[in-house]
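Here is my note on the model you sent. Please read it with the structure open.

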Amino acid sequence: MADAALESQLEKGCEALDLVLDMEQQQKLLDYLALMQKWNKVYNLTSVRDPAQMLSRHIIDSLSVLPYLDAASLLDVGTGGGLPGIPAAIVHPDCAVTLLDSNSKKTRFLHQVKAELGLNNVTVVHGRVEQVSLPKFAIITARAFASIDDIVKLAGQHCKKGGQLVLMKGVYPSEELQFDSTEFRLDDVVTLKVPGCDGERHLVRLIKDKD
């Protein structure tokens, strides 16, 4: 697919999401897509191979949650190829974004993305979320990483008091919402409309009331 067509697709996606990005941010997102395509051939970052599909199902999907990720510090757990953490770092340059994954091939790719796109607000950490030593974060996000219960238990320790878990889900996660925690409470479940993506998308937000 030609670059012009991808540019147009990204512009239309941002317009549909009421997201205003400058030209540099749009270019960095397209450069990130190109790196993902290139490295995917060897590192198998995603099963999606078509660049237009990659743009809609990964990057525009991640852009749909960015209004909920605007904070001073963000931890993206099980980030894989950097979703939604890399788009968040591009759109929110004042946010300190930490990308965490236990797969060394994926963290190698993320180091390359950070270097090539000049993302000085990004830190890449290789390790398991329950074992790494990290500062406390205002927001912790995860996309297709684990159940709500597991994320609370594994990642909750890294969240500041008053901070949030912002979790990307597909269909409305009725059963998962019965999670058991004395630290976190459900804030809300947001229904997302992602341009170019079929299927349901929901965002679950939990607030940490106490350590």
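**Notes on the predicted model**

1. Start with a proline. Pro84 sits in the loop that runs between β1 (73–77) and α4 (85–91). Helices here are DSSP runs of H or I with at least four residues, strands are E runs of at least two, and both are numbered from the N terminus. The peptide bond from Leu83 to Pro84 is cis, and its omega is near 5°.

2. A word on the basis. This is a predicted model, in which local features need pLDDT of at least 70, side-chain atom pairs count only at pLDDT 80 or more, and totals for chains, interfaces and linings use all residues. Residues are numbered from 1 along each chain as its sequence is written, and side-chain values use heavy atoms, with hydrogens and water left out.

3. Asp18 is not a glycine, yet its phi is positive, at about 55°. Asp18 belongs to the loop between α1 (3–16) and α2.

4. Next, the helices on either side of that loop. α1 and α2 pack at an angle of about 125°, and their axes are 11 Å apart. (Axes are lines fitted to C-alpha atoms, for helices over the stretch in contact; angles run from 0 to 180 degrees between N-to-C directions.) That angle makes α1 oblique to α2. Angles under 35 degrees count as roughly parallel, over 145 as roughly antiparallel, 65 to 115 as roughly perpendicular, and the rest as oblique. From α1, the contact uses Leu6, Glu7, Leu10 and Glu11; from α2, Gln26, Leu29, Leu30 and Leu33. Contact means heavy atoms within 4.5 Å.

5. α1 also packs on α3. The angle is about 30°, with the axes 11 Å apart. The two helices, α1 and α3, are therefore roughly parallel. Leu6, Gln9, Leu10, Gly13 and Cys14 of α1 meet Pro51, Ala52, Leu55, Ser56, Ile60 and Leu63 of α3. This contact of α1 with α3 has eight nonpolar residues, three polar and no charged. (Nonpolar covers Ala, Val, Leu, Ile, Met, Phe, Trp, Tyr, Cys and Pro; charged covers Asp, Glu, Lys and Arg; the others, Gly among them, are polar.)

6. How do α2 and α5 pack, and at what angle? Helix α2 (residues 23–43) and helix α5 (residues 104–117) pack at about 150°, with axes 11 Å apart. That makes α2 roughly antiparallel to α5. On the α2 side are Lys28, Asp31, Tyr32, Leu35, Met36, Trp39 and Tyr43; on the α5 side, Lys105, Arg108, Phe109, Gln112, Val113, Glu116 and Leu117. By class, the residues of this contact are eight nonpolar, one polar and five charged.

7. Now the largest pocket. Its volume is about 360 Å³. Of its 22 lining residues, Gly78, Thr79, Gly80, Asp101 and Phe145 are the closest to the centre. A pocket is an open set of points on a 1 Å grid over the protein atoms alone, where a 1.4 Å probe fits, with protein on both sides within 12 Å along at least five of seven lines; lining residues have an atom within 4 Å of a point. Grid points are joined across faces, edges and corners, and a volume is the space filled by probe spheres set on them. The lining of the largest pocket has nine nonpolar, eight polar and five charged residues.

8. Last, the second largest pocket, of about 200 Å³. Its lining includes Arg57, Asp61, Arg143, Lys169 and Arg201. α3 (51–63) and β5 (159–169) are the elements that give two or more residues to this lining.
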